[in-house]
Amino acid sequence: MDLFSFQQDANPGARLLADRMRPTTLDEYIGQEHIVGPGKLLRRAIEADQVSSILLYGPPGCGKTTLAHIISQHTQADFVRLNAVDASVKDVREVIDQAQTNKSMYGTKTILFLDEVHRFNSSRQDALLPAVEKGTIIFIGATTENPFHYVNGALMSRSTLFQLHPLTKEHSMLAMKRALQDPDKGLGFMNLKVDEEALDHIATMANGDIRRALNALELAALTTPPEADGTVHITLEVAEESIRRPIVRADESTQYDVLSAFHKSIRGSSDAALFWFLYAVEKLGMDPMVFIRRLIAASSEDIGLANPQAMVQAVSALDAYRNNGWPEAKLNIAQAILFAVESPKSNRVYTAISNAMSAMDEIKSAEVPLHLRDTHYKGAVKLGHEGYKYPHNYPGHYVKQDYLPKEIAGRVFYEASEQGNEAKIRHNQQLRKDQS
């Protein structure tokens, strides 16, 4: 348990720059104006020390923990921090028991800040519910994952969700310039000369993560040998050594979003599908097989019989990937994606399944019509298994007869569209109707 964990360290020099420069007031806080700007609900609550249970959701380095730190500096309540990575139900109950004692004996509020709340499983989150509901504790949760996927619905309903947006390059630049000018908590005590292009590179590579930008700046300042006059010169080359590649955020929720964008781009006949596929595999490190499976599904769900070759292309891409691996199969998969994108679209296979499932739910059980039943055994005729009309003996290889249970006789599940190859199917369907 980490009680009053945001108090200043006795040896501030031993802490990383990002921690030393952590804002302690809302005026110092960088970004998130949509929730803590002047007059906004959360800002008013913090300033009045009237914060209720909240969830802070946003990417790494966007200010969730810092916001909790600011709340801890502005409240008269006991402020306790737990990290869901190593906290147990016992830890939570100890906080709740102490909070109950403080409330009943001294009238003191307790705020529990639970960092990385998504790492708490449902049973551990359940342990919080009675205390939150009774007002024994004020709960503040922070998560980088979509809370609708990872946070107990009951806990969500008792908390106000605030979504923090990714910070920008400009935010990182502002944080670094503050650190360079601050002689007490920052690097202002050093004789530094930092090229603007070096700051620009760090800010770009940090990709909105202020913590990463400040840590890279500190690394550059502390590891660069001083010049003859004692100046530490941070050039672009030094900056490139301190922070090499931008971090692309790829939590599970992001991966679902990218996969969704891929499928919807195919459905919308947009070659953006190719972009999302390559971005996911090359930048986020996702498995190409995930997208090939979705491509196969889309070939039936969104194209279907309007162009049956889309399925052939998708399955061929699967074979190519299994045989050749990545990146050799990149061309084959891209070809199948573009084939699906450019194919005429129809969802009639999907709707046919939906129609058939609905009909199935309408009847308790399906009795096979007598004329469709098996006749390959003695006595079948005596059971009434007769009357089947063999279509190939009739003009056009078609003859009208019932194929469904009598409760839903005559029902049609698949009605072809006029898209692509389905136009021919629709024509054949009309011919059969005319013969009936």
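Hi everyone, let's start with Tyr279, which is partly exposed at a relative accessible area of 26%. For the burial words, buried is under 20% relative accessible area, exposed is over 50%, and partly exposed is in between, with a 1.4 Å probe and protein chains only. Before I go on, this is a predicted model, where local features need pLDDT of at least 70 and side-chain atom pairs count only at pLDDT 80 or more, while totals for chains, interfaces and linings use all residues. Residues are numbered from 1 along each chain as its sequence is written, and side-chain values use heavy atoms, with hydrogens and water left out.

Back to the rings. The structure holds seven aromatic pairs. One of them joins Trp276 and Tyr279, with ring centres 6.0 Å apart and planes at 85°, so this pair is edge-to-face. Rings of Phe, Tyr and Trp (its six-membered ring) pair if their centres lie within 6.5 Å; planes under 30 degrees apart are stacked, over 60 edge-to-face, and the rest tilted. Trp276 and Tyr279 are about one helical turn from each other, because they sit three residues apart in helix H15 (residues 272-283). Helices (H or I, at least four residues) and strands (E, at least two) are DSSP runs, numbered from the N terminus. Trp276 is partly exposed too, at 27%.

Next comes Phe277 with Trp326: their centres are 5.7 Å apart and their planes at 80°, so that pair is edge-to-face. This one links distant parts of the chain, since Phe277 is in helix H15 and Trp326 is in the loop between helix H17 (309-324) and helix H18 (330-342), 49 residues apart. Which of these rings is buried? Phe277 is, with 0% relative accessibility, while Trp326 is partly exposed at 26%. Phe277 and Trp326 also belong to one aromatic cluster with Phe262 and Phe291.

On to charges. There are 17 salt bridges in the structure, each a side-chain nitrogen of Lys or Arg within 4 Å of a carboxyl oxygen of Asp or Glu. Among them, Arg267 meets Glu301 at 3.1 Å, N to O. Arg267 lies in helix H14 (residues 252-267) and Glu301 in helix H16 (residues 288-303), so the pair ties together parts 34 residues apart in sequence. Arg267 is partly exposed at 37%, and Glu301 at 26%. Another bridge joins Arg411 and Glu362, again 3.1 Å from N to O. Here Arg411 is in the loop between H19 and helix H20 (422-435) and Glu362 is in helix H19, so parts 49 residues apart in sequence are tied together. Arg15, Asp19 and Arg22 are linked in a network of salt bridges.

Is Glu218 buried or exposed? Glu218 counts as buried, at 8% relative accessibility, and lies in helix H12 (residues 210-223). Leaving out residues up to four places away in sequence, Glu218 touches Arg15, Leu16, Leu17, Arg20 and Leu187, where contact means heavy atoms within 4.5 Å.

Let me finish with helix H11 (residues 196-206), whose buried residues are Ala198, Leu199, His201, Ile202, Ala203, Met205 and Ala206. Their cover includes helix H10 (169-181), strand S7 (192-194), H12, strand S8 (232-234) and helix H13 (236-242). Just after H11, Asn207 takes a positive phi of about 55°.
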